[in-house]
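Dear colleague,

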Amino acid sequence: MAQNEAILPLTLIRDRATTDLILSGLDASGVAFALFSPEDELCYGSAAFKALFDVRPGVRTFAEIMRNCHMSSTGPKVDTPIEDFLDMARKKRRSSPQRTFEIDTSDDRWFLVNETLLPGGWLWHVFTDITMLKSNEQVLQLARDAAQRAADTDPLTGLLNRRAGMERLAAEMRNAARDGTPLSLALIDLDHFKSVNDRYGHSKGDQVLQHFAAAGHQQLRGGDIFARIGGEEFMVLMPGTGIEEAVNAIERLRRHIAREENRADLNCAYTMSAGVAEYCGTAAADLFERADRALYCAKRHGRDRIEQAD
């Protein structure tokens with residue numbers, strides 16, 4: 001018994017020394033880590049953690065640390081009222097044995113947080129700086145977005161191309177069917193466009209197409225979807241718009257390009273014909289065909305006009 005009593009204090013001393021050595025090594029590594037008690041008091045935080053969260057003397061609980069961060073605009077970014085954030089955090093903390101999430105900080109760094117629930121309600125956090133990874137991720141996302149825009153865009157006019165326009169048509173038809181909202185489609189053709197190319201050259205023809213695209217952006221409403229679907233053929237998709245309102249919108253565009261003063265820099269006259277149809281619950285091909293029939297009706301009746309589909 002005496003021998004055991006003599007050994008026990010030495011074991012404790014060695015365990016404490018080992019623990020201190022481990023903590024010292026972790027602290028020296030520059031890794032941000034923290035241990036919170038079941039009452040959510042900070043029992044141990046590395047120097048990197050204290051610097052990251054601006055932990056000040058006398059501030060002990062997680063809530064106090066976050067309130068101080070919020071007041072001093074340090075540590076993690078909090079986009080909601082601080083008490084709402086703390087209510088949300090209380091629900092998530094200790095909600096699972098292991099939890100991983102990302103935070104961004106006021107100095108524009110990103111951290112991957114690994115939260116481990118230990119026996120008795122103790123909570124262990126390790127913060128890994130992933131700023132470089134996030135930067136690379138953002139660069140890749142920008143590249144993907146640029147590639148997608150290029151794939152969806154007509155290079156001459158900057159409008160959506162036919163493929164992207166038809167995808168938007170299908171999506172808006174689904175929305176209209178689901179929500180019971182109106183949807184109208186206008187198909188537009190620039191009148192006698194071949195004669196523009198023959199008389200002035202293809203360069204002038206390109207300028208006309210660009211002029212019309214710019215006019216459409218100026219005259220159409222903000223929610224309208226404008227696409228070039230062929231050489232001189234265009235589509236305007238108008239979500240939430242009934243046939244009468246849609247015809248009026250396209251008529252404003254027709255009148256705009258017909259005025260000579262609106263073509264002063266172009267030095268070339270051109271007009272447009274259009275057919276407008278309202279979605280009535282049928283397939284996309286039917287809506288497109290009805291608008292197309294109305295367009296050809298406008299052409300047969302002399303062009304530079306708009307016809308409404310049956």
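In the second largest pocket, the lining residues divide into 5 nonpolar, 5 polar and 2 charged (Ala, Val, Leu, Ile, Met, Phe, Trp, Tyr, Cys and Pro count as nonpolar, Asp, Glu, Lys and Arg as charged, the others, Gly among them, as polar). This is a predicted model, in which local features need pLDDT of at least 70 and side-chain atom pairs count only at pLDDT 80 or more, while totals for chains, interfaces and linings use all residues. Residues are numbered from 1 along each chain as its sequence is written, and side-chain values use heavy atoms, with hydrogens and water left out.

The second largest pocket holds about 160 Å³ of space, and its lining includes Thr153, His217, Arg221 and Asp224. A pocket here is an open set of points on a 1 Å grid over the protein atoms alone, where a 1.4 Å probe fits, with protein on both sides within 12 Å along at least five of seven lines, and lining residues have an atom within 4 Å of a point; a volume is the space filled by probe spheres set on the points, which are joined across faces, edges and corners.

The largest pocket has a volume of about 430 Å³ and is lined by 24 residues, with Phe62, Phe85, Ala89, Phe101 and Ile103 nearest its centre. By class, this lining has 15 nonpolar, 2 polar and 7 charged residues.

Best regards
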